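Visitor: Could you zoom in on a single part for me and take it slowly?

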Amino acid sequence: MVYRGVLPSSKIQVAVKRVSHKSKQGMREFIAEIVSLGRLRHRNLVQLLGYCRRKGELLLVYDFMPNGSLDKCLFDQPKRILNWHQRLRIIKGVASGILYLHEGWEQVVLHRDIKASNVMLDDEFNGRLGDFGLARLYDHGTNPHTTHVVGTLGYIAPELTRTGKATTSTDVFAFGTFMLEVACGKRPTGLRESLEEMILVDWVLKCWKRGEILEARDVRLGNEYVKEEMELVLKLGLLCSNPMAAGRPSMRQVMQFLDGDWPMPEFSSSEWDIVSAAEAEMLNEMGPMYPFSITMGKSFFGSSSTNAESNLSGGR
């Protein structure tokens, strides 16, 4: 449960997360949030201000985010539509925050639960990634330990279910799904009007293969969006959601694409084949032999730096 509160001395509004002391999972998540988020400082991360444990309850105190969580704005408030400029700024902001977690701090921080409901919006609708209850830390240059598979259905990378090893690449997979969620205004999984199951990544890919990728955009935007930016976000979302870890960019590359510092790799929908989960597992096991995407038969990142290649191959 999360409550709104006011600090008596300064009158500053805060958000207070109340965690049950009875749950072992609650205790683990509480400790993880304090250890990780408590020392992180970035404009696109929700700031932890303090905490306490008292009378069988665990309380975390955060900056108050007046516009709530992103998923509420996307799905639960039909009269309050985020415009394209706001959405693109949120995507870039969250990407910047994740890059800081992966490369900009003294340790590598794996968030492990990147999704719209964990992105909060401040008074200017800037996106801030929060809820570090599932986060894991490890030293730069080392491999993360195998752990339990955690996360949210629709955001979990295929290799994670087999290896149980979260990496920066599994965070990138979740971020790819998040990008599509924001651009399309649809949840990662759901039902069509015909009551058929819809997987968002598959649906965007089908639109692209028909030569109509912009049809995947949120129809509520009408024509109020920048075509080139929307196409970039949709294709980059697919790229990050590649079922093969080796085919995903690092978050540094994602930021370079979003900022226009690097052009997106040239590829068409005819070259793109989404492999089955079983095929993805097999190809991920062969990862060291194939530093780049096998699905396309060629490199996405032919001129990648050594640092980028190490990010792409991390965890195998």
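Visitor: Let's pick proline 263: does it count as buried or exposed, and why?

Guide: Proline 263 counts as exposed, because its relative accessibility is 70% (exposed is over 50%, buried under 20%, partly exposed in between, with a 1.4 Å probe and protein chains only). Bear in mind that this is a predicted model, where local features need pLDDT of at least 70 and side-chain atom pairs 80 or more, while totals for chains, interfaces and linings use all residues. Residues are numbered from 1 along each chain as its sequence is written, and side-chain values use heavy atoms, without hydrogens or water.

So where does proline 263 sit? Look in the loop between α8 (251-258) and α9 (277-285) (helices are DSSP runs of H or I, at least four residues; strands are E, at least two; numbered from the N terminus). Leucine 232 is 31 residues away from proline 263 in sequence, yet their C-alphas are 9.7 Å apart in space.

The largest nonpolar core has 62 residues (buried Ala, Val, Leu, Ile, Met, Phe, Trp, Tyr and Cys joined through side-chain atoms within 4.5 Å). Leu70, Phe175, Phe178, Val204, Leu234 and Leu236 touch the most other members. The largest share, 10 residues, comes from α3. Take valine 204: leaving out residues up to four places away in sequence, valine 204 touches Leu180, Cys184, Ile213, Ala216, Leu234 and Leu238 (contact means heavy atoms within 4.5 Å).
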